Amino acid sequence: MSATDVNANEDPIARWKMLDEAWVEQNLVIIQRAFAWFMETGEWPEPRALRRRVLQAARNDIDVQRIIDTKPAIPGIASELHPRYFILGGRHLVGTREAVSLLNLLVIVTKRAVDVYRNGTALVVDSSDPDLVKFFPLVFHGMGTNEAERLMRRLPQFVAGDWPSAVNSGTTRDDGWQLSINEGLVMDFDDVGSPADYVKRQVDILRRFAASAGAILPQHQDGAESRTADGPAFVIMPFRELWSADTYQLIVSSAASLEPPLRTIRADKIFAPGRITEQIVEAIRNARLVIADITGLNANVMWELGYADALNKPVVILRQHTAEAPFDIYERRQVLYSSPHGPAEEASLRQHLRGALPSTP
């Protein structure tokens, strides 16, 4: 038995990595076709759609659903029995020639995220940042304008399904995007030098999270009722406003000061691969309580609040003193606060959280 075999037996991540690499080697054809689909559409293909693409290429010997179902699951990370999409990460694409440009762009953006975070200038990476733009010619060399623009559009979509990463999916606009920096993981990618090095950092993070990540992953709906009794509170709020960090700290501190402490989770703190919209829906379903900050009447916040209401989830609504409340929830009890917040506001929110959780002493 080799040293590698011994390590794989002792280390579930090492064993998973061996199986994952073997799966990639055996399924390069379908991986290439799935990636081509993603680059064309900006979405990872559904199994049926990918099967049609394979049949059109006269490859009747490829069982798409079996390949998807046998993709090795990351230890400690919840996975669907029959995934709805064929999602690939950087580790699956390092050896794929067609993905070289996207992965090189990912490394450049990651290096910039580390610099931005270290300098404390912001918690976002902007595609118009001059210190980022100056490296684009290295990636776009030999590309036409349309190809380069498409590559730029695909990066936020790729990051959304490739966990763990230094950045999260963010906001897009006609001329580019902003990606939020993942504060908990960004420094794990310090001085990353290549796509292969990037993947190695991901594996190191997975090894660290394997034993504990399941505590904050979105769960599937089956049996959800048995989990919500001691589940976390899901926080709905804008992430990138000037006041967001202070408000989130107010929520986390107030919840943690309850007896027993109430765990909180926000969408950008869900460290798991997958489609962010589906993860939010699952997290709301499984939440013991929903905490929603409606300051600014953010469209996503209002949609998620409506979904929580439809599920009859207990909801605590926050709003800054200077903000307006829409007419349809104006009469609902709300926690008013100022930013930066003070001890009185933390005490007020703590009282409202107790009231929303009758079982909490």
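## Basis

This is a predicted model, where local features need pLDDT of at least 70, side-chain atom pairs count only at pLDDT 80 or more, and totals for chains, interfaces and linings use all residues. Residues are numbered from 1 along each chain as its sequence is written, and side-chain values use heavy atoms, without hydrogens and water.

## Helix 4

Helix 4 spans residues 47-56. Helices are DSSP runs (H or I, at least four residues), numbered from the N terminus. Its buried residues are Pro47, Ala49, Leu50 and Val54. Buried means under 20% relative accessible area, and exposed over 50% (1.4 Å probe, protein chains only).

Seen down the axis of helix 4, the buried residues fall within an arc of 165 degrees, so they line one face. The arc is taken from the directions from the helix axis to the C-beta atoms. On the other side, Arg48 and Gln56 are exposed. The buried residues pack against helix 3 (28-41) and helix 5 (64-69).

## Nonpolar cores

A nonpolar core is a set of buried Ala, Val, Leu, Ile, Met, Phe, Trp, Tyr and Cys residues joined through side-chain atoms within 4.5 Å. The largest has 60 residues. Ile30, Phe86 and Leu155 have the most contacts inside it. Helix 7 (residues 100-119) gives the largest share, 10 residues. A second, separate core of 20 residues includes Ile251, Ile291, Val335 and Leu349.

Leaving aside neighbours within four places in sequence, Phe86 is in contact with residues including Trp23, Ile30, Trp44 and Leu50. Contact means heavy atoms within 4.5 Å.

Key: Helices (H or I, at least four residues) and strands (E, at least two) are DSSP runs, numbered from the N terminus.
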